[in-house]
Amino acid sequence: MCTLEKRGDLFLLTLTGEDEHRFHPDTIASVLSLLEQAKSQSTKGSVLITTGHGKFFSNGFDLAWAQSAGHGAIERMHQMVKSFKPVLAALLDLPMPTIAALNGHAAASGLMFALSHDYVFMRKDRGVLYMSEVDIGLPVPDYFSALVVAKVGSGIARRELLLSGKKLKGEEAVALGIVDSAAHDSAEGVVEATVSLGESLAAKKWNGEVYASIRKSLYPELCRMVNLTANNLATHNL
Amino acid sequence: MCTLEKRGDIFHLTLTGDDEHRFHPDTITSVLSLLEQAKSQSTKGSVLITTGHGKFFSNGFDLAWAQSAGHGAIERMHQMVKSFKPVLAALLDLPMPTIAALNGHAAASGLMFALSHDYVFMRKDRGVLYMSEVDIGLPVPDYFSALVVAKVGSGIARRELLLSGKKLKGEDAVALGIVDSAAHDSAEGVVEATVSLGQSLAAKKWNGEVYASIRRSLYPELCRMLELTANNLATHNL
């Protein structure tokens, strides 16, 4: 389902298997647990890289699981939307730089998961970003929109992401300022590029708590929504 | 330390001397006093241009002064962070267009001082923008992050400014949408360009109170943090 490995300064979080890596209560709990593990083992210079295997980074919530409950479908959707908040919060709070290395498609909550990282690298040759909600007729949770507003500055780009039903390829996503890079022609190429970035960030030996505090200060409204305090630390390093 | 001269419509605020123009309680008081002077002498068509002498526009707070107090260092840091707020407030409230002509490096609070101006011109050949906090391990004051969020739209640019430890040259800063220009190869060239811009703005003979009110309306959250009322004026000119 998902694994966490440490290679030098780098924590590698991998969504394993050739499936769509949909977020289901069990996957959500696993990812949250691995993020907590990375946090507890973090040191100066730690960096997180998140990637997946196969065609999909993550295709969003497990809608089939929700629908299989018949009248209980809405309840299950609410449960997934609610339990996913702590995953985004954990990423925003992680005391180290975070990099998403998209091996493939990222849709809906899968895209939100990617966008919660400090850096997002896509493939040039494959993979799209897709906010499917407008096409399916599902409202977008408020904290999803807050994340888009927090991370994507241009009004036009926000609309293209949330209100167009478009499947954005790598180059378009870079042009819209949504992702950092779509320069590599394979999943391995993307991972290699993110490892290279990760190593240069690790070499700075930053204090992770300070890093996380500065990151959260950029997104006060989003932090409020995901129940994170955006307090800055006391200046105790003088 | 700093001077204010009037040449025609343009107020010239200069950080004098070849030192780092660090913000220390005394410099903060002086700058605030000169901004209040410009405000009290303003007329229709007034413009402010701020520049410095030497290698630095400003290299931030006087950390050495803080550290020289031993156990009192944190108290001195808090004092500078707190007393600097009114400087940014005074710039956001100034009833005239404001232009920063960066003669050299601008770091931390020195960069925030520059960014509080309506227009920022850098040199092409020398000078960087540098938010040093992540490298030093100092948290960023909440109103600094609010200023960055207010002035810099792109999420990627905000991250590059606050979370990368990068020293951004003029051309990088223009590409990221942080500054307006990095076209001139000397401090004199930058000042000349800003004087030219200043004169074209002065020729509009704008009502400064209205100008300031429109400016503040762009940054309601930042104004709240700086204790400025972002009220728009009554539409009494209709």
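These notebook entries record what I looked up in a predicted model.

**Entry 1. Conventions.** I number residues from 1 along each chain as its sequence is written, letter chains from A and number ligands from 1 in the order in which they are written. Because the model is predicted, local features need pLDDT of at least 70 and side-chain atom pairs count only at pLDDT 80 or more, while totals for chains, interfaces and linings use all residues; side-chain values use heavy atoms, with hydrogens and water left out.

**Entry 2. Strand β3 of chain B.** I turned to strand β3(B), residues 47-52. Helices (H or I, at least four residues) and strands (E, at least two) are DSSP runs, numbered from the N terminus. I asked how many of the six residues of β3(B) are buried. Six of the six are buried, and the strand is mostly covered. Here buried means under 20% relative accessible area, exposed means over 50%, and partly exposed lies in between (1.4 Å probe, protein chains only). In a regular strand the side chains alternate between the two faces of the sheet. I noted that B:V47, B:I49 and B:T51 point one way from β3(B), whereas B:L48, B:T50 and B:G52 point the other way.

**Entry 3. Neighbours of β3(B).** I looked up which strands pair with β3(B), where pairing requires that DSSP finds at least two bridges between two strands. Strand β2 of chain B (residues 10-15) pairs with β3(B) in the parallel sense over six bridges. In this pair, B:L15 stands opposite B:G52. From β2(B) the chain passes through helix α1 of chain B (residues 25-40) to β3(B), a β-α-β crossover that is right-handed. Right-handed means that, with the strands pointing away from the viewer, the path from the first strand over the helix to the second runs clockwise. Strand β5 of chain B (residues 98-101) runs parallel to β3(B) and is joined to it by three bridges. There I found B:L48 opposite B:T98.

**Entry 4. Positive phi in chain A.** Most residues other than glycine have a negative phi. I recorded A:A108, which is not a glycine, with a positive phi of about 50°. A:A108 lies in the loop between β6 (105-107) and α4 (109-115) of chain A, and is buried at 10% relative accessible area. A:N227, also not a glycine, has a positive phi of about 60°. A:N227 sits in the segment after α11 (220-225) of chain A, and is exposed at 67% relative accessibility.

**Entry 5. Cysteines.** I looked up how many disulfides the structure holds over all chains. There are zero, a disulfide being a pair of cysteine sulfur atoms within 2.5 Å. B:C2 is buried at 14% relative accessibility, and B:C223 is buried at 1% relative accessible area.
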